[in-house]
Amino acid sequence: STPLVNFAAINRLDILEQLFGEICVPKAVEQELLKKGKVYPTTTILKEHWSILIKVITEQISSNKVVII
């Protein structure tokens, strides 16, 4: 989750979108960042971009996907 928090902190989630298109994260990362993440000042930024950039892993993913844990 740290890369997402750091890119959001500098308002540059667009870099990740340009590099990877879509980022896959485990459900635990989603919960940490969006539900428990009230301590992160970047939670608002992440919520704004979540559905565009982030895919929560609910099934096995193919090898061409980037996963941030």
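Trainee: Is E30 buried or exposed?
Mentor: Keep in mind this is a predicted model. In it, E30 counts as buried, because its relative accessibility is 13% and the cut-off for buried is under 20%.

Trainee: Where does E30 sit?
Mentor: In helix 3, which covers residues 27–35.

Trainee: And which side chain does the E30 side chain make a polar contact with?
Mentor: That of K27, at 2.7 Å.

Trainee: What else is E30 in contact with, leaving aside neighbours within four places in sequence?
Mentor: K35, W50 and V56.

Trainee: Which residues of helix 3 are buried?
Mentor: V29, E30, L33 and L34. Looking down the axis of helix 3, they fall within an arc of 100°, so they line one face of the helix.

Trainee: What does the face turned away from the buried side carry?
Mentor: Two exposed residues there are A28 and K35.

Trainee: What covers the buried residues of helix 3?
Mentor: The cover includes helix 1 (2–9) and helix 4 (43–53), along with strand 1 (23–26) and strand 2 (54–57).

Trainee: New topic. Which way do the side chains of strand 2 point?
Mentor: They alternate. I54 and V56 point to one face and are buried.

Trainee: How many bridges join strand 1 to strand 2?
Mentor: 4, and the two strands run parallel. In one of the pairings, P26 has I57 of strand 2 as its bridge partner.

Key
Residues are numbered from 1 along each chain as its sequence is written. This is a predicted model: local features need pLDDT of at least 70, side-chain atom pairs count only at pLDDT 80 or more; totals for chains, interfaces and linings use all residues. Side-chain values use heavy atoms; hydrogens and water are left out. Buried means under 20% relative accessible area, exposed over 50%, partly exposed in between (1.4 Å probe, protein chains only). A polar contact is a pair of N or O atoms within 3.5 Å; within protein, one must be able to donate a hydrogen and the other to accept it, and residues adjacent in sequence count only if both atoms are side-chain atoms. Contact means heavy atoms within 4.5 Å. The arc is that of the directions from the helix axis to the C-beta atoms. Two strands pair if DSSP finds at least two bridges between them.
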